[in-house]
Amino acid sequence: MLTCRIHAKEDMRVEPIADPDIGPGQVLIRLGAGGICGSDIHYYFEGRNGSFVIREPLVPGHEVSGVIAKVGAGVTRVKAGDKVAVSPSHACGQCEYCREGREQLCRNMRFLGSASVFPHVQGMFAEYFVLGERQCYPVSGEVSLGELAFAEPLAVALHAVNRVGALIGKSVLVTGGGTIGCLTVIAARLGGATSVTVSDVLDRPLDTARAAGADRVLRADRDAELLAIPQFDVAFEASGSLAALKSCVASTKRGGTIVQVGTLPHEPLPFVVNEIMVKELDFKGAFRWGIEFDWAVQYLSSGRVDVRPLLSGRFPLQDAVHAFELAKDKSRSTKVQLVAA
Ligand code: ZN
């Protein structure tokens, strides 16, 4: 079987490896669709994602759906042939954070496709991969494997909104019209926002944001004066850009809330703390997700959330390099997925 591995910056290979064995409680999954995430792109093009640096070959990929190929002894949650969304989160379930229901803060987290620990936890851009049954969320019905692979990024967006709570009656800004930005638009609408505005520096992400349900879109470069007016109750920074974070601080009303979802560059950042202080802004981080993965699977499998406007390309695993190049170019793509050939 083939697996995709990043050996170093700009050195990604699709290589044959031995078929994996499965033990008790484990399942063998055939890749259905795997979305290329911003973090995968950082790993490939920079050899690092924020402070997580590649120190040994890393199989990327954590936004994955699949079909159960084989089950090990004692497995009850799924059976061969089941269509599943795959959770990439291995929290310990024992630490103080897990016990209070915030598994994304787990002290012993092993998140698939991440160089956050060493040895790295390998991801799922492979024809077949083995996981414990509790990582699998079986679904029935019409939802496609491509749509189901959005469960992970949708969970990120649901978690970002859930960090604020109810948005009923609130005006919302989302900076960045990429996958997470567009899914945050969807999540903010589910949360009750009266209006959702999206800013970006490219037209294509703004068109996608409109398709995802944004009420208003702004070009951050051309509409800078509009983004300097305090007008939003809540801002979600989903671009990973310091300039966008500054727009959030400027355009959020006094007493408002900013949620940081994007990963900013690794360099030391000058920060606008005084504005946060005098406006009494609440500045919150949103990292991955907890229970929201279950919710994402439900929203997708019921058809209540339609992610199809976000899916802009699909490549066989062997063409991973081309897929990553397209995924990096936000003037041409939103979400690009890999599929087993
Ligand atoms: Zn834990």
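Here are some notes on the model above, point by point.

1. A word on the ground rules. This is a predicted model, in which local features need pLDDT of at least 70 and side-chain atom pairs count only at pLDDT 80 or more, while totals for chains, interfaces and linings use all residues. Residues are numbered from 1 along each chain as its sequence is written, and side-chain values use heavy atoms, with hydrogens and water left out.

2. Start with the domains. The protein chain is assigned a domain 1 (2–150 + 307–339) and a domain 2 (156–285); such bounds come from an automatic or database domain assignment. Their C-alpha centres are 27 Å apart.

3. Now for where they meet. On the domain 1 side 16 residues are in contact with 14 residues of domain 2, contact being heavy atoms within 4.5 Å. About 1200 Å² is buried between the two, with carbon and sulfur atoms giving 64% of that. Buried area here is the accessible area (1.4 Å probe) that two parts lose on being put together, summed over both. In domain 1, Leu310, Lys330 and Thr334 lose the most area to domain 2, together 36% of what that side buries.

4. Four residue pairs (both at pLDDT 80 or more) are in polar contact between the domains. That term means a pair of N or O atoms within 3.5 Å; within protein, one must be able to donate a hydrogen and the other to accept it, and residues adjacent in sequence count only if both atoms are side-chain atoms.

5. Elsewhere, the structure holds 10 salt bridges. In one of them arginine 5 pairs with glutamate 15, with the closest N and O atoms 2.8 Å apart. This pair links distant parts of the chain, with arginine 5 in strand 1 and glutamate 15 in strand 2, 10 residues apart. Strands (E, at least two residues) and helices (H or I, at least four) are DSSP runs, numbered from the N terminus. Arginine 5 is partly exposed at 24% relative accessible area, whereas glutamate 15 is buried at 15%. The cut-offs are under 20% for buried and over 50% for exposed, with partly exposed in between (1.4 Å probe, protein chains only).

6. Two further pairs are worth a look. Arginine 13 and aspartate 11 meet in a salt bridge (2.8 Å, N to O). Aspartate 82 bridges to lysine 79, with the closest N and O atoms 3.0 Å apart; here aspartate 82 is buried at 14% relative accessibility, and lysine 79 is exposed at 55%.

7. Some backbone points to check by eye. Phenylalanine 118 and proline 119 are joined by a cis peptide bond, with omega about -5 degrees, and proline 119 lies in the loop between strand 9 (110–111) and strand 10 (128–132). Glutamate 280 has a positive phi, near 50 degrees, in a residue other than glycine. Glutamate 280 is in the loop between helix 8 (273–278) and strand 17 (282–285).

8. Last, isoleucine 258, in strand 16 (residues 252–260). Isoleucine 258 counts as buried because its relative accessibility is 1%. Not counting residues up to four places away in sequence, isoleucine 258 touches several residues, including Ala235, Leu245, Val249 and Phe283.

Methods:
A salt bridge is a side-chain nitrogen of Lys or Arg within 4 Å of a carboxyl oxygen of Asp or Glu.
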